[in-house]
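This report describes aromatic rings and their surroundings in a protein chain.

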Amino acid sequence: MTDEPRLQWNDYTKVSADELKLLHAGPHATGPNKKAYVAVGRRDDWNLCSLPVHNGFDNYLPNFIESLLADVLEEDAYATMNAMFKHGHRYCRHPALQAVYGPDDKPLREAYRRSDGIARLNACWVDVDCHQIGLTHGQVIGQVYDLQRDGTIPAPSYLKDSGRGLWIVWLLGKETRSFPEHVTLWRVMQAKLAAMFASSGSDRGSGVDPARLSRCVGSVNSKTDDRKRATMVVFGRDGSGSAIRYGLHELAERIGIEHTPKAKLTKKSDTVSLTNKEKGHRGQYLRWKTDQDRFWLLVETLRRTIPVGTRNAHNLVIGGILRGRYKYEMDAIHAAIEDAARRVWKCHPKTDDREYTLDRVRKEIKQTVFGRQAGIMLTGQTIADRLKLTTKEAEQIRDLIKTTSKGTWPPAIGQEQLSRPLTRKERRTRIIHFIVSNNLIENPTDLEVTEMLEDVGLAVSRETVRRIRSELRPPAPTPDATPRPLPTFDEKDLVKVIKKQRLKHGLDDTVSKS
């Protein structure tokens, strides 16, 4: 009896650099002058070092990547899935790596990691936290087989066991570099892939940031009791036996996303750019203040608790908002951080010790505010994706916090688009339809009708409700009008009237009886 075939997970001691080579090598590494760097980090230093990958791995000495990662694999070590277009400003701060030289004969620099600095998109992925809902890796892999059999997804390139969850990865790499419109399409693809595996516990927040870090294969996962190490297995191969790769648009088509090429924009003059930049600086304070109000409305009023798995995202968002608002008020930022940390902790599920949680929140916010490279650019869409903002929450925030500008937080990618605000005429029409369809013209009181309208998102004053209801009531019935009777005259009276009229006009007063 022969053994049944099964997936063979690679030994972490031999493939510590295999994933980096899979991600950052490939066809797009051969493009001329397309510099790209991968950020390598640890839990206490996310921007540990920046590794040049634009020349592929042919220029590195044998086992260079393995020896580089050996100093960080005994702890939680991470690397970016996608590549950045430049490295950091300072040299690497890790003592064991300060004397390590790259292929350009220069010491390694610190990492540069921002979502608006993507040089190459290397992969699409789904981070499945199946352990949180009691599923095994085998059950998730079964879903992969089912979706692949039905033609919903193509074969993944490889799978990674991060120690607790499972990463499903589709390698890209046929484009020489990535442009903003590519990143926009990539975000939509990530949202759809996460939605496909929602029943298995996919982490929607892990896929919306192109500068996302992933645990290095071979590194220790300190969150597990037995300190498991991350492992990987090649899942799909091409005709040559290498891990299968896809083009960005090819993969989008395979998962059912229609893509329309973006038209090129006309470049504005330098004068217009400078004017817009000055306007942006003047309006930044109000923008960050509004974002701060929106954040606390969402966390403290609408949700009242921070969902498990998004706590670090909330810390990152409030840290970035504080960094923008207090950019030129460094004397006030410390008090703002302490206040924000306590308010965030109050909304945490009480699973950790209070002081431990508070210190962790402070660290996250301070690292975001004071870090030289402060993480992602916090646009409205980025904030919505990080906080997993639903369409209903986005509409509530828009209605409750009024601003003079038209900008607001949109829903996260993959959610239904935000509806257009109602015009005054459309709002009145909906109020009338609600009152008539629910037979509220006569009863109950105006105050009760006002509260009912507020519950359905049509907040209006009681005076307006009273006026609309009075207009809808039919007019009071009036008594039927009866015509006045015509006067009656006898013959003598008629003769007298005629004589009088004839005399008035100078005529003969003789009246014929006929």
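Is F85 buried, partly exposed or exposed? With a relative accessible area of 39%, F85 is partly exposed, where buried means under 20% relative accessible area, exposed over 50%, and partly exposed in between, computed with a 1.4 Å probe on protein chains only. The model is a predicted one, in which local features need pLDDT of at least 70, side-chain atom pairs count only at pLDDT 80 or more, and totals for chains, interfaces and linings use all residues. Residues are numbered from 1 along each chain as its sequence is written, and side-chain values use heavy atoms, with hydrogens and water left out.

**Aromatic pairs**

A pair of aromatic rings is described by the distance of the centres and the angle of the planes. The structure holds five aromatic pairs, a pair being rings of Phe, Tyr or Trp (its six-membered ring) with centres within 6.5 Å, counted as stacked when the planes are under 30 degrees apart, edge-to-face when over 60, and tilted otherwise. Two of them are set out below.

| Pair | Centre to centre | Angle between planes | Class |
|---|---|---|---|
| F85 and Y112 | 5.4 Å | 55° | tilted |
| Y145 and F235 | 5.6 Å | 50° | tilted |

F85 and Y112 both lie in the loop between strand 4 (83-84) and strand 5 (118-120), yet the pair links distant parts of the chain, 27 residues apart; helices (H or I, at least four residues) and strands (E, at least two) are DSSP runs numbered from the N terminus. Y112 is buried, with a relative accessible area of 6%.

Y145 is partly exposed at a relative accessible area of 48%, whereas F235 counts as buried at 17%.

**Tryptophans and their partners**

One aromatic cluster is formed by W125, W167 and W186. Over the face of W167 lies K160, at 5.2 Å from the ring centre, a charge being over a ring if NZ of Lys or CZ of Arg is within 6 Å of the ring centre and within 35 degrees of the ring normal. The charged end of R287 likewise sits over the ring of W288, 4.0 Å from its centre.

Q190, found in helix 4 (residues 180-196), counts as buried at 2% relative accessibility. Its contacts (heavy atoms within 4.5 Å) are with C124, W125 and G207, not counting residues up to four places away in sequence. The side chain of Q190 reaches the backbone nitrogen of W125 at 2.9 Å.

Definitions and conventions: A polar contact is a pair of N or O atoms within 3.5 Å; within protein, one must be able to donate a hydrogen and the other to accept it, and residues adjacent in sequence count only if both atoms are side-chain atoms.
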